[in-house]
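Here's a quick tour of how two chains sit together. Have a look at the structure first, then read on.

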There are 2 protein chains.
Amino acid sequence: MRYELYYWPTIQGRGEFIRLALEDAGADYVDVIRLPESGGGGRQAMLDFLADASHERPPFAPPVLKAGRLVLAQTPNILMWLGQRHNLAPKSEAGMLWTNQLAMTIADFLIEAHDVHHPLAKAFYYEDQKAEAKRRASDFVPTRIPKFFGYMERVLAANPSGDRFLVGKRLSYADLGLFQIVEGMRYAFPGTMTTIEVQHPKVLALHAMVAARPRIRAYAESGRRIPFNQHGIFRHYPELDG
Amino acid sequence: MRYELYYWPTIQGRGEFIRLALEDAGADYVDVIRLPESGGGGRQAMLDFLADASHERPPFAPPVLKAGRLVLAQTPNILMWLGQRHNLAPKSEAGMLWTNQLAMTIADFLIEAHDVHHPLAKAFYYEDQKAEAKRRASDFVPTRIPKFFGYMERVLAANPSGDRFLVGKRLSYADLGLFQIVEGMRYAFPGTMTTIEVQHPKVLALHAMVAARPRIRAYAESGRRIPFNQHGIFRHYPELDG
């Protein structure tokens, strides 16, 4: 079965967490909204898809994964399902829940990484909330960033199966998610991350381990991975970088 | 088995979504941190529990549910597990995922309902971000609140089993969650909600249906339900209420 991914066509965003899982699994998928407009892609196609009155289980927002008749939204929810099908999470109930718990913590941090540059509303320009973004960064950078990475380092250290993976002794979608957070934070907060990385060697090793996986490397080199840019969730504004 | 819930002792917050599920299920649980300090409760007990180095799967933040050896965090993750054990969600994979997806959408809205009064940081006083809160409310109130309730109304209308429940033809923890959002929003945005409620009759009917459930009513009348207050996620600041 070919999966259909629906996500904004010009940013990594939340969709990238799904793409990384699909890529690492070697799954067959099409990034529908990135197709040319003549092939069903483009922003309007996304809006039409979301508003489609025929959805019995309408998605609130992208990313959406379509797998035959199944229509799934909410990134950790999609990942939980993919994780079971593609061996990217333990099969045990406790292991499945733990992986989901970590993915949700990563998703929460992603909201913070977005809201630091848009603390008042997505609907307002950055320039119109720049002063507020700086005040929010004055808490996010010294407090929230170390709290998040410190927690992930602790999870790796506490793993009874060793500190290479977040969950058990093999790769899960939680590892792919943490990899993506490091990638995004390096783009958005390069100054802060030089210190953070030194202080969190297990997280850093995990990032390197994921980056070296053959399919992830092939994906990064394929040209299919959208570069980070100033429209995405992670944005580089030097004035916010501590 | 007696469940142990760990959550801040003086607010409804995220913990209330777990409490409502436990109450509706008639489950045996203890709200550990609300016990007197001599009995293991209090804020310091919560901090000690979170920092406990013996956790193999450390929670990032409360609420945490302990069920024997299982330690679960992240509200929708806890609810997913409770939902399977206490018949508060469908057993089918597609139904379970759909309920989880709705609970995550509710959890995202909860973050917005908090951040509207603390757009810059939880660590700063409201008085120090009051002007910013007003600007955030100028988007949240006319745009985000109707978007959320409009979506939930659409989900009820699209349910092939009828519009009484969000999922299938019986109560799920998603319904309890939407009930709690209406409760919180009535407290925090009473002016806005008078209009919202008229425009979303199916949501309103769902709220009334949940409120009338015998165990939910008994809980509301028991004195165990912490009243909404100005320390919680939902706060009433008239200047933000459109």
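## Where the chains meet

In this predicted model, 50 residues of chain A are in contact with 50 residues of chain B. Every one of chain A's interface residues, 100% of them, is an interface residue in chain B too, so the copies meet through the same surface.

How much area is buried between chain A and chain B? It comes to about 4600 Å², and carbon and sulfur atoms give 57% of that.

## Polar links across the interface

Between chain A and chain B, 26 residue pairs are in polar contact. There are also 4 salt bridges across the interface. One of them joins B:E132 to A:R135, with the closest N and O atoms 3.1 Å apart.

## What chain A brings

Which parts of chain A supply at least two residues each to the side that touches chain B? They are helix 2 (43-51), strand 4 (70-73), helix 3 (75-85), helix 4 (93-115) and helix 5 (130-158). Helix 4 of chain A gives the largest share, with 13 residues.

Sorted by type, the residues on this side of chain A are 28 nonpolar, 8 polar and 14 charged.

## How the copies are related

Definitions and conventions
Residues are numbered from 1 along each chain as its sequence is written. Chains are lettered from A and ligands numbered from 1 in the order in which they are written. This is a predicted model: local features need pLDDT of at least 70, side-chain atom pairs count only at pLDDT 80 or more; totals for chains, interfaces and linings use all residues. Side-chain values use heavy atoms; hydrogens and water are left out. Contact means heavy atoms within 4.5 Å. Buried area is the accessible area (1.4 Å probe) that two parts lose on being put together, summed over both. A salt bridge is a side-chain nitrogen of Lys or Arg within 4 Å of a carboxyl oxygen of Asp or Glu. A polar contact is a pair of N or O atoms within 3.5 Å; within protein, one must be able to donate a hydrogen and the other to accept it, and residues adjacent in sequence count only if both atoms are side-chain atoms. Helices (H or I, at least four residues) and strands (E, at least two) are DSSP runs, numbered from the N terminus. Ala, Val, Leu, Ile, Met, Phe, Trp, Tyr, Cys and Pro count as nonpolar, Asp, Glu, Lys and Arg as charged, and the others, Gly among them, as polar.
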